[in-house]
Each structure stands twice: as C-alpha cells, then as structure tokens.
Amino acid sequence: MANMDEHNFIQLLEHVLTPDTSIIKQATGTLRRDYYTKPESLSALLRLLRTHPNPQIRQLAAVEARNLVPKFWAAKDNGSSPIPAGLKPQLRESILQSTIEETNSLVKHSSARVISSMAKIDLPAGEWTDLPGFLVQAASSDRAENREVGVYILFTLIESLEEVVADKWHEFLPLFSRTINDQGSMAVRLNTLLALGKMAESLNSEKHLDGVAAFKEVLPSMVAVLKELVDAGDEEKANSAFEVFQTLLIVDSTLISSHFRDLVQFFSNLASSTNVDDDFRSKAISFLMSCLRYKKMKMQSLKFGEQLTLRALQIVTEFKDLEDADETTPARAALGLLDYLSASLPPSQVVVPLLNILPQYTGSQDPEYRKAAVLALGMCVEGAPDFIATQISSIFPVVLQLLSDPEARVRQAALHTVAQLADDLAEDVGKEHSRLIPALIGLLDSRDGSDTWKAACNAIDAVLVGIDKKDVEAYLPTLMPRLSEMFQRDDLKLKAAAVGGIGSTAHAAKDSFSPYFQAAMGALFPYSLVKDSEDELDLRGVVVDAMGNIAEAVGMQAFTPYVQPLMQSAMDALNLGHPRLRETSFMFFSTMARVYREEFTPFLPNVTQALFQSLEQTETDIDVEIGELAKDIIITSVGAAGTQKVSLGEDIQAEIQPTDVDADDEDDDALWDELNAVNAVALEKEVAAEVIGEVLSHCKEGYLQYLEKTVELLALKAQHPYEGVRKASISTLWRAYATLWQVMQEKGMLKWLPGLPLKVQPSPELVHLGNVVINCTLANWGIETDRQVMIIILKFLILVMLSLHFTCRSCGMMTTFRYTQLTQML
C-alpha cells in the first residue's frame, strides 16, 4: 500500500455510503481517478473484506473488488498480471478465510462472487487448482455455516465457468446429492438447488450421459426444496427456486424427461391450492405456461390439456377486479394459462372440455362461477378462433344471456368476452347485431357504473367492425347520442372508450356518419392537444385515431379544415415521450395519405423525417451489429426518369449476402436473447415501416424524392432481429417497386407484354430496385433459424405474391426478377 493513502482510501469508501449525493459523486470520482487505476487498490479492498468492522464497508469492498478483478488479476500481454504472482496465494487465502468467517449473509454472497471472478481467470490458466477440492471439503464440513458458504461459492463458480465445470460433474453431483438433503440448513439446500440449476445449463446428454442420469436422481429432492420453501412462505428464497425450474425447461430435455409428468402435476396442484400464497400460485401457473411454450408436444402427448383447463377455470372463479390489469393474481394468471392452452393444444383437450362444463358454470347460483365461465370463453377465442367459429351458434346465446345477468360483475365480464369474440370473429359476431347492439346500448343506459360503461363502449368498438354499412345506419340515431353522453363524463378512461366507439361507428357507417361529423369534431378536437398526464396522453392517442376514421368516412373535402392543425398535433405528439402516441401519430399519417393521396405531398418533408428517425433509432448492440453486417449494401438514387429523382446509377451494389447469425459462438446466448426480445422501439419501427408503405403508395410521384433514403433504410431493416420489422420492411420495398413502376407507366413507359424474350424492357432503375427487393427477400429467408419465424415469413411471402398478382401481371415483375428463385423458396 506504499503508493496509496490507506486512511484516505477508507474515508472515501465511507463517503460513498453517505446519503448526500454530491459527496457520493465526488468520492466516487476520486476513487476511480486516484485509486482504482492502481492494482494496490484490489489488495486493499480484499484486506478490508477481512478486517473492517462495518459490514456496509465490507459489502462495498466486495462489490468494488469484483469489478477490479478482471482489470488487475488477469495476465497482460507481457505474461504477468498487475498483481504480483507472489502475492496472489496470500490474497486467495485471505478472501477464502474472510468469506467463511463472514457473518453478514449479503457480504458473504458478494465475497463469494469475488472468489468466482478470480477463479474464472485462474482455473483455465492452471492456477488455484486446489480451490474446487477446498470448496467440496467446506461443503462437507460439520459446521452448517461452512457448508453454506462452500456450496454457495461452488454455485458462483459453476455460474462463471459453466463449460469447464460441466466436465467435472462427477466431482460435484455426488456432493450435491447429499447437500440437497441437508437437514441442518435450508440455506445449504437452497444453494445446492441454485448450483444444480446452473449445472443443468451445461450438462449434455451426448457428452455427459452418466451426469444426466445422476441429475435425474436428484431432481425429486430439488422439488422437495421448493415445496419446503413454499410451505414456509419464504418469498425471496422461493422465488430463486422457481427460477431454477423455469431454467430446467430450456436445457437438455433428457434432464427432466422422466420426471416431466410429475413436475407438471406438482405445479398444477400448487397453482390450485388456495392455502398457498397467491404469489407462489401465480409463479406455478407461469411455469405451466412455460411448459406449453417449450414442451408443447410433450404436453399434448401427455394429454394434460383437459385437467389444466378445468383447474384454470376453477381458479378464475377467484377473480375480483376486472379493471386492475396491473395486479398479478392467480385468477388473472389462470386466464393467461387458458389463452396459452387454447393456442398450444388441440381443441379436443381444451375448448371442448371447456364448452362441456360451461352449462354447469353458467347455470350456477354463484355469480363468480358465471363470471369465470364467460371470461374463460373469451380467453380461448384468440387461441382457437377457427374452432370457436364452428361453435358460435351455441356460444352466442350463452353470452347474450350473461349480458343480462342479474349481477353487474357478470354483465361486465360478458362485455369483455363480446369484445374478444368480435376482435377474432368479426363477421360471425356481426351477423348477430340485431340482438347484440340493442343489448350493448341497453348497458350504456344502465346504472352499472363507469367500469361497465367502458366495457360496453369497447364491445361496441369491436362489434361494429363486422357489421355492414346499411345495418349500422339503423343504429346511428340511438348509438351516437349515448356514445356522446359517455364522452361528456369526467372519467378520462371512459372518455377514451367512448371515443373508440365513435371512431368505429364512423368507420362502419362511412358517409352516413356525415350528419354527426361537425358535432363529433367539435367535441373531440380539444382533446387532440391534451398532455398533462399519462391518462390524457392515452386519450389524445385514441382521439387522433378516431379522427382518422372520421376522415376516411366523410372524405377529404369535409375534413380539410382540420388537416393542418391535426397534422401539427400529431407531429408535436412525437416528442411527448409516449410510445403509443408516437405509433398513433404514424398511423394518422398513413390515414391522411390514403384520404388525400397526392395532395398529402406538402406534408412529406416532416412526415418522412419523423419516420426515418424512428427507423434509425438505436435499440441495442444487436442493432449496431446488424448495421455492420449490412454495411456493404449501397443504394444510389431511385426514381423515374423525368420525375423529381434521377435513376439508379450503374454501379449499384444490391447484393445482400445471407448473414450467419451464429458466427460468434461466444455471443450465442446474448444473440438468442436479443432475437427473441421485442422492445417498444422495435414495435415502433414495425409501424413506421408499414406507414412508409402506405404513404409512398398513395403519394406516388410526390414521394419519389424520398425513395432513395427509404430503400437504404428498409434494405437494412430487412435483417432486423424482430420479425415484424423484417416483414414490414420487405413488404414496403415491394410496394415501393410497384409504385415506381406505376409512376413510370404514367410517364409513358410501355406496359408489360407476356412472352419471352421480353418485349418491353424495364428501365435500369426498375431493374436495380427490383434486385434490391428480391435480394432482401432472399437474404432474409436465408438467415432464418427459428422454425416459427420461418413459417411466419413463408406465409407472408405467399401473401405478398398473391397481393401483388395484379402488379406482377402488369409489369412482368416475376419474369424479370428471378421468378424461379422465389418459387423454389416457396
């Protein structure tokens, strides 16, 4: 410590623990600048871990030491580490001794992670080879404290060195088979469970056959530990144990295959037990949903569907508050499980048992059972819409009956189910409008209160989508006054629901909405500017969306006085920090483009700037990585000759090479996580790409000056990790090509004539843009590794070809641009 002032060093650490943020900031800056740049600081921190009386200082020392280990413990390019080799044995001994002697559990665990960070460097380098043996010995000690810390350090070691430890399973699994049953310490049993969970991530049935067999033997004891924690009501420890079992669903399947039925049964029983804490029950249901996600075929073959459906239905009877969507309860989780069940398993295992027991529940004297029945029915619609559609004649009378149930909470639940049915079976539900709409209007007239009125407005919003214009006209005189009355109430969420209903009414009624146009716009317009709370921003988004529907209903001439202020409002909303409002603004741009077509061109500078900025947002390191992978895509200018943009240059490089996303083995796990994560920015990019397609295809020639930038961005986003962005990007590229062809035909280019050789040659710019579109499509297909994503994209490509049938006939696109390659893909 010759080059450091030990007293000042400790004083700075104490300052970090003060409640004064300015002192903390200054102390942290000094530590980083004057101390943590020197290897002696690591030695000092390890010493404090053993000697300082304040546990908070020891905890801080452990955290900082763990951060410094990679910097000072590892050997540098010259073969030596900043910490002298002769000092390392002493420091290793010190950290081991201080960890074993530590009485504070938080410090003990942090100190254990310092040891694992040092071992992560030492063991692969052939150093500290006696550590595993020392830990096994500690874990076998007569003292429970030593066993606890020994197993926990082994857990952190396995966590840091998974692959290295996997080959040493024979050293650890015999130990863990004993410590998982340690009767003297729950901490030892839990630490063993955590260690086994981490070991499971590395065991492989091809490489470690005996290890897998040994793991299977210990699995029942792992379940016993979880059960004991649940029975004890120890939430923190039980949560860690639940995470282990979630992990077991995504590791080598042979590890749990022989016990899978018992695991599902255990978690099913746990979920149904009303004597267990609600949080534990919800986590058990989450495990069952993960089983359906990761072990779908296994669940189907074991025929768990009926049992889980009926148990979930029973749990739903506990449902209390329909509107508190943020609270996780067993009943709400059970509804999610029903959704998963109906989507994952055949109707014979889920929907049929539900329909069979439905009369028993709907005829019950207990309103909670009637409510559960109708809620469960609604949750199964999205998962099995085709089958539900075949049963609608028997289902609909039940729903209609429950809409007039004596209990308001049952009526409210039935309204939610009507909305779900209409969302997925619009035409089928729409056919029942003569009985359904009067019932919904009647509930708007009821005294049930705000929650029921909101649900009724939402149901009207959904149902009107499937009703023909001529039928909607008959309901306008009674429907519009009631929706307007709901909008006048103070509840902002009720206002939003009413606005949604007004927007759908306009969409369904089309020009028949004109008599209500001025009054509706006068009432709605002020709310296109509100921004003082989250609820106001939500309302603002719904209002703008409804105004878009109204614009399409009444046409551009009537709507023109509102266009400029509403476009400004939509542009302003982009900067209010509300993701949903940003997407609503984008959708409003597309609606205005559809209504005003070429006359929307004056708005394009600001609109395209906003959409391009959205596509250019950085999400994660993956976004940067994809950018690097696609950096060779060079797009020169695009546009029809004689229009605002000149043609593509001859030197265009439109070849997009398929990307091997698994090239770097070390990043497999991180890349997998990124490919499966959908964040808000990615969802916004999907909307932006779709909106660009709408805008360019309706503005046509007016958009061509922005086409170059559009193609550059979308060619890049065609390789985005989220499939929604990829599909939207490729779709818009195809629309861009079709739009450019149409513009050029309008400028005098001859129409395509059938037959080979080609009788009409497309212009060079069309050929080059076509190459970009085809190459993006082919490259996108070539890099997919996820089966479900490939199925989605395959369906999308078929839809693209069908939707472009007219374009293909008129412009010869498939003949000119590799029809054979596309048909081979399909």
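**Close-up views of a predicted helical chain**

**Figure 1. Lys303 in the loop between H16 and H17.** At a relative accessibility of 64%, Lys303 counts as exposed, since the cut-off for exposed is over 50%. The residue belongs to the loop that links H16 and H17. Its phi is positive, about 55°, although Lys303 is not a glycine. The model shown here and in the other views is predicted.

**Figure 2. Trp128, a loop residue with positive phi.** Trp128 sits in the loop between helix H6 (105–122) and helix H7 (131–139). Its phi is near 50°, a positive value in a residue other than glycine. Is Trp128 buried or exposed? With a relative accessible area of 8%, Trp128 is buried, because buried means under 20%.

**Figure 3. Helix H15 and the helices around it.** H15 covers residues 278–294, which makes 17 residues. From its first C-alpha to its last, H15 reaches 24 Å, close to the 24 Å expected at 1.5 Å a residue. At the start of the helix, a side-chain oxygen of Asp277 comes to within 2.8 Å of the backbone nitrogen of Asp279.

**Figure 4. Helix H8, residues 144–160.** Helix H8 has 17 residues, which should span 24 Å at 1.5 Å a residue. Its end C-alpha atoms are 24 Å apart, so the span agrees with that expectation. H8 is mostly covered, with 13 of its 17 residues buried.

**Figure 5. Phe600 and the largest nonpolar core.** The largest nonpolar core holds 259 residues. Phe600 is among the residues with the most contacts inside this core, together with Met222, Phe245, Phe267 and Phe559. Which residues does Phe600 touch, not counting those up to four places away in sequence? They are Met567, Phe589, Met592, Ala593, Val607, Val695 and Cys699.

**Figure 6. Thr362 in helix H19.** Thr362 lies in H19, which runs over residues 351–362. Its relative accessible area is 11%, so Thr362 is buried. A polar atom of the Thr362 side chain lies 3.4 Å from the backbone oxygen of Pro359. Setting aside residues up to four places away in sequence, Thr362 touches Arg370, Ala373, Val398, Gln401 and Leu402.

Figure 7. Val429 has its place in helix H24 (residues 426–430). With a relative accessible area of 2%, Val429 is buried. Leaving aside neighbours within four places in sequence, Val429 is in contact with Leu421, Ala422, Leu436 and Val463. Val418 is 11 residues from Val429 along the chain, and the C-alpha atoms of the two are separated by 8.3 Å.

Figure 8. Glu171 lies in helix H10, residues 169–179. Its relative accessible area is 34%, so Glu171 counts as partly exposed. How far apart in space are Glu171 and Gly133, C-alpha to C-alpha? The distance is 8.8 Å, while the two residues are 38 residues apart in sequence.

**Figure 9. The whole chain, as context for the close-ups.** The chain has 43 helices and 0 strands. Of its 826 residues, 53% count as buried. Among contacts between residues at least 6 apart in sequence, 72% join residues at least 24 apart. The accessible surface comes to about 36,600 Å², and 50% of it belongs to carbon and sulfur atoms.

Notes. Residues are numbered from 1 along each chain as its sequence is written. This is a predicted model: local features need pLDDT of at least 70, side-chain atom pairs count only at pLDDT 80 or more; totals for chains, interfaces and linings use all residues. Side-chain values use heavy atoms; hydrogens and water are left out. Helices (H or I, at least four residues) and strands (E, at least two) are DSSP runs, numbered from the N terminus. The expected span of a helix is 1.5 Å times one less than its number of residues. A polar contact is a pair of N or O atoms within 3.5 Å; within protein, one must be able to donate a hydrogen and the other to accept it, and residues adjacent in sequence count only if both atoms are side-chain atoms. A nonpolar core is a set of buried Ala, Val, Leu, Ile, Met, Phe, Trp, Tyr and Cys residues joined through side-chain atoms within 4.5 Å. Buried means under 20% relative accessible area, exposed over 50%, partly exposed in between (1.4 Å probe, protein chains only). Contact means heavy atoms within 4.5 Å. Accessible areas come from the Shrake-Rupley method with a 1.4 Å probe; for residues, only the protein chains shown count as cover.
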